[in-house]
Amino acid sequence: MQTMTATRPAELAGRLESRRRFIKIGALGTLLSVSDLIWARSAADSDVRGQGSEKSCIFIVQQGGCSHIDSWDMKPDAPAEYRGPFKPVATPVPGVRICELMPRLSRLADRYALIRSMTHKSSGHLDGMHVCLSGQSRPDRDAAYIGSIVSKVRPASRNVPSYVWIQDMEGDAGNHYHTGGFLGAAHAPLRVGKGTHNFAADNFRVTAFDPSVGMTATRLTERRRLLTKVDGSVAPLANAAATDRFQQCQERAFGLITGPEARQAFDIRREPGKVRDRYGRHPLGQNLLAARRLVEAGVRLVNVHAFTGFDGYTKWSPVVNVWDMHGAPGISIFGKNTYGLAYVLPRFDEAVAALLEDLEQRGLLATTLVVAVGEFGRTPRIGGPGPGRDHYPACYSAMLAGAGIRGGAVYGSSDRIAAFPRELAVSPEDFAATLLHALGIAPATRMSPDGFTRPASTGQPILPLFG
């Protein structure tokens, strides 16, 4: 006589996974793939997500490294070979001056805070960007970026993605940001836009939620019905709570594909022309407008690459890391060219000022953290044939606003030529901890209940920036 034995949980899980994989390959395609992704997030997050406030973040990445001494931390009394040709202008905050090329942001200085003592030791774009986005001075190769951490600990509660990246960076920034690091693909960003194909393009349309070719609404509904039937046949054998959660994820996936919320959030054509003009009809302006729409719809973190567009006449390689201002013959860091501050800073000023004003007018600034920073700064001493400035991680600046950040605050300072922090140096760890704190995430939060022991950050929040 054959002995009957109870099915072990691990064996049952294996059977269930095999069946789902078979169906995914053979019949259900897009719907099951998306529901699997949402299931992975739901299952992994069940023990770490909190009931914190509904805060979001727009993280503006100035790839290439913004010249701090020509923007946020000017040194007008330094020798000419350091200070550059631009003049500082006063702001509503006593004693705080920024570059004359940012007049709108100068008037809004009481809405944001500046850190003038950022520092680390990685001078290459690849390593510097890995440091910047992971918030670690010496990150492991699989370090999770801040966006992925937010996706895990504070996933979107509405039917939109948790983490979106707008405008791909150039190759020398690496592709770590394509992934979720050690947190896995479930926490990788949804990437939208590349090169000149971005929200500023007349024919730009987000296709991420389009069904596969030939997949009509009727066929998608039929696949949903089939998936429900198959899951129903195995539900009695499985853990009831887990099965219910998976079915809820299927419903959310179906809504993401067929529902209007995500599609409408990404459609900036719904914005009035005057609003689009206010942000600027260039990539950074329109990409930041899209970011505002996304956080308004419930996306938790949006990284926006601060590409300001091509000037149309600069005869040089058309790369989008426009803040990498080494200078070259005929390409001055101070010129009105694609890779010159006289071109990029006014566009940055226009777009970021419009974002801050728009968020405030919509009542969103209190719950939306706005960050602007590059992987490092630029050398204080001007050089090269352009002229230009080289990579410089020893001292640089960052801007933060919203989500409890104290407007008008200035934290830390640099020496007389902006070469090194003079006081209150800020490490990548403390910067990351500050961002997480603003978003209601304790830096010590452990990232997973199933084996991972890494905290969200090993840094300490800069508490004087709040209140």
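Let's start with helix 13, residues 428–438: 9 of its 11 residues are buried, so the helix is largely enclosed by the rest of the structure. Buried here means under 20% relative accessible area, with exposed over 50% and partly exposed in between, using a 1.4 Å probe and protein chains only. Helices are DSSP runs of H or I with at least four residues, strands are E runs of at least two, and both are numbered from the N terminus.

A word on the source. This is a predicted model, where local features need pLDDT of at least 70, side-chain atom pairs count only at pLDDT 80 or more, and totals for chains, interfaces and linings use all residues. Residues are numbered from 1 along each chain as its sequence is written, and side-chain values use heavy atoms, leaving out hydrogens and water.

Back to the helix. Which residues of helix 13 are buried? P428, E429, F431, A432, A433, T434, L435, L436 and A438. The cover over them includes strand 1 (56–61), strand 4 (112–118), helix 5 (125–134), helix 6 (146–153), strand 8 (368–373) and strand 11 (396–401). Contact means heavy atoms within 4.5 Å. Just after helix 13, G440 has a positive phi of about 80°.

Now the backbone in the loops. Q167 is not a glycine, yet its phi is positive, near 80°. Q167 sits between strand 5 (163–166) and strand 6 (190–192). Its relative accessibility is 0%, so Q167 counts as buried.

Next, A418. Its phi is near 60°, again positive in a non-glycine residue. A418 lies in the loop between strand 13 (413–414) and strand 14 (421–423). A418 is buried too, at 0% relative accessible area.

Last, a cis peptide bond. It runs from G386 to P387, with omega near 5°. P387 belongs to the loop between strand 9 (377–378) and strand 10 (391–392).
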